[in-house]
Amino acid sequence: MDLADLTHKARILTRLEQEGLKNTLFTNCVKDENVKKVIPLITDLVSSSQRYQRAENVEYCIMVIGVPNVGKSSLINSMRRLHLKKGKASPVGGEPGITKAVLTRIQVSERPLMYLLDTPGVLAPRIESVETGMKLALCGAIRDHLVGEDVMADYLLYTLNKQQQFSYVERYGLGEPSDDIESVLKRVALNLGKKHKVKVLTGTGDVNVIAPDYPAAAYELLRTFRKGELGQVLLD
């Protein structure tokens, strides 16, 4: 919840309830907000449900599932930090594919005795629309090179302008908001000193010139957005 615009919180909850999802918690694993509420909620839900032949078991084993790069491993590490005062047990990273297999059980609580299973991110086999795919890509659920950093940066700029999130203007020294991704990336590249040599063909031979590094600028724009440094944004 440190990255999303939660002024839409009521709308999010309504949508989730319409899809049959209840008992929703908004967590922030950077600041450990609301993370302590997870284990009591799980305990209540399991205690009130039929456990069939497992009624005699005193321990809980919970699987954590979700789309890639949504923070599953971060949640597990946050719970260990809060309840057991221990460090990371699951690797994390700001890109999909960090968790490659279901790991061994990771203890996150002593009382009640609870273990979590971290899992690789999963996506639907078919993405319903191009726009949905772009949103997933911006969130890091799809590897950047499969979509293209320049295309993603263009869609990000469109989204920021549409929601009147103009923090990028001041951050990168633009005079005003712009919907021209090439001019924005040029300013980002110059602002950060991202340049590279480009070979230009002329009538008298090849000439090397220094040009803005647009791919590096696009990557920087995406990385900054994912860190929440361009403001809190809700893509849906």
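Accessible areas come from the Shrake-Rupley method with a 1.4 Å probe, and for residues only the protein chains shown count as cover. By this method the accessible surface of the protein chain comes to about 14700 Å². Carbon and sulfur atoms hold 52% of that surface. The model is predicted: local features need pLDDT of at least 70, side-chain atom pairs count only at pLDDT 80 or more, and totals for chains, interfaces and linings use all residues. Residues are numbered from 1 along each chain as its sequence is written, and side-chain values use heavy atoms, with hydrogens and water left out.

The protein chain has nine helices and five strands. Helices (H or I, at least four residues) and strands (E, at least two) are DSSP runs, numbered from the N terminus. Along the sequence the pattern reads α-α-β-α-β-β-α-α-α-α-α-β-β-α. Of the 236 residues, 35% count as buried. Buried means under 20% relative accessible area, exposed over 50%, and partly exposed in between (1.4 Å probe, protein chains only). Contact means heavy atoms within 4.5 Å. Among contacts with a separation of 6 or more, 54% link residues 24 or more positions apart.

Two packed helices are described by the angle between their axes and the distance between the axes. The axes of α6 (residues 149–162) and α8 (residues 181–192) come within 10 Å and cross at roughly 100 degrees. Axes are lines fitted to C-alpha atoms, for helices over the stretch in contact, and angles run from 0 to 180 degrees between N-to-C directions. Helices α6 and α8 are therefore roughly perpendicular. On α6 the contact involves A153, D154 and L157. On α8 it involves I181, V184 and L185.

S78 lies in helix α3 (residues 72–83). S78 is buried, at 0% relative accessible area. Beyond its neighbours within four places in sequence, S78 is in contact with C29, D32 and V35. D32 sits in the loop between α1 (9–18) and α2 (38–47). Phi of D32 is near 60 degrees, a positive value in a residue other than glycine. Q164 also is not a glycine and has a positive phi, of about 55 degrees. Q164 lies in the loop between α6 and α7 (167–171) and is exposed, at 63%. A cis peptide bond joins R111 and P112, with omega about 0 degrees. P112 belongs to the loop between β2 (106–109) and β3.

Eight salt bridges are counted. A salt bridge is a side-chain nitrogen of Lys or Arg within 4 Å of a carboxyl oxygen of Asp or Glu. K135 pairs with D236, the closest N and O atoms being 3.2 Å apart. K135 lies in α4 and D236 in the segment after α9 (214–226), so the bridge ties together parts 101 residues apart in sequence. K135 is buried, at 17%, whereas D236 is exposed, at 64%. E229 pairs with R171, with closest N and O atoms 2.8 Å apart. Here the segment after α9 is tied to α7, the parts being 58 residues apart in sequence. R171, K227 and E229 are linked in a network of salt bridges. Within α9, R223 pairs with E220. R223 and E220 are three residues apart, separated by about one helical turn.

Methods. Parallel < 35°, antiparallel > 145°, perpendicular 65-115°, else oblique.
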